[in-house]
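Subject: Structure handover

Hello,

Here is the structure I promised to pass on. Please open it first, then read the notes below.

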Amino acid sequence: MLADLERAKEYIDKHLDQELSIKEICYHTNISKSSLYKVFRQNLDCTINDYIISRRLKKANDLLLTTDATLEEIAAATGFSSADYLGHLFKRKTGQTPKQFRNSFR
């Protein structure tokens, strides 16, 4: 089961900039849908969708700190559908807008 989790996490991390569906992850990792849901819930105590969002937000966080990329560019690089959606989730998670976060480290 842990090998399944690692394969899925690796696939997700390599494809964060793309649209990720459960079906696609299952296909490329050779893990059944039910096993995929179960392994994330049991080992990470979250859903696979929550995991994907958290990884995308982590990558956005890193890009905000290490680049001068616009929010639109960061949204595209992290697989978010829009800069507005990224900004909304980022503020909900951190309590700051992406701009406030970036400025606080400059």
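Start with Lys-14, which counts as exposed at 56% relative accessibility. Here exposed means over 50% relative accessible area, buried means under 20%, and partly exposed is in between, using a 1.4 Å probe and protein chains only.

Two notes on the source. This is a predicted model, so local features need pLDDT of at least 70 and side-chain atom pairs count only at pLDDT 80 or more, while totals for chains, interfaces and linings use all residues. Residues are numbered from 1 along each chain as its sequence is written, and side-chain values use heavy atoms, with hydrogens and water left out.

**Salt bridges**

Lys-14 has a partner. Its side chain meets that of Glu-10 in a salt bridge, at 3.2 Å from N to O. The term needs a side-chain nitrogen of Lys or Arg within 4 Å of a carboxyl oxygen of Asp or Glu. Glu-10 is partly exposed, at 45% relative accessibility. Both residues sit in helix α1, four residues apart, about one turn of the helix. Helices are DSSP runs of H or I with at least four residues, strands are runs of E with at least two, and numbering goes from the N terminus.

How many salt bridges does the rule give? The count comes to five. Another one joins Lys-9 and Glu-6, whose closest N and O atoms are 3.5 Å apart. These two are three residues apart in helix α1, residues 2–14, so about one helical turn separates them. Glu-6 is partly exposed, with 44% relative accessibility.

Now move to helix α4, residues 48–66. There Asp-62 and Lys-58 are four residues apart, so they too are separated by about one helical turn. Their side chains form a salt bridge at 2.9 Å, N to O. Asp-62 is partly exposed at 32% relative accessibility. Lys-58 is partly exposed as well, at 41%.

**Aromatic rings**

How many aromatic pairs turn up in a search of the whole structure? There are four. Rings of Phe, Tyr and Trp (its six-membered ring) pair when their centres lie within 6.5 Å; planes under 30 degrees apart are stacked, over 60 are edge-to-face, and the rest are tilted.

Take Phe-90 and Phe-101, one of these pairs. Their ring centres are 5.3 Å apart and their planes stand at 70°, so the pair is edge-to-face. This pair links distant parts of the chain: Phe-90 is in helix α6, residues 83–94, and Phe-101 is in helix α7, 11 residues apart. Are these two rings on buried or exposed residues? Phe-90 is buried, at 2% relative accessibility. Phe-101 is also buried, at 9%.

Phe-101 has a second ring partner. The rings of Phe-101 and Phe-105 have centres 5.0 Å apart and planes at 55°, so this pair is tilted. Together, ring pairs link Phe-90, Phe-101 and Phe-105 into a cluster. Phe-105 lies in the segment after α7, which spans 98–104.

**A buried threonine**

Thr-29 is in helix α2, residues 22–29. Thr-29 is buried, at 5% relative accessibility. What does Thr-29 touch, leaving out residues up to four places away in sequence? The list is Arg-7, Ala-8 and Tyr-11. Contact here means heavy atoms within 4.5 Å.

**The whole chain**

Which secondary structure does the protein chain hold? Seven helices and zero strands. Of its 106 residues, 36% count as buried. The C-alpha atoms fill a box of roughly 45 × 25 × 20 Å, taken along the principal axes. Among contacts between residues at least 6 apart in sequence, 54% join residues at least 24 apart.

The accessible surface comes to about 6,600 Å², and 49% of that belongs to carbon and sulfur atoms. Areas come from the Shrake-Rupley method with a 1.4 Å probe; for residues, only the protein chains shown count as cover.

Best wishes
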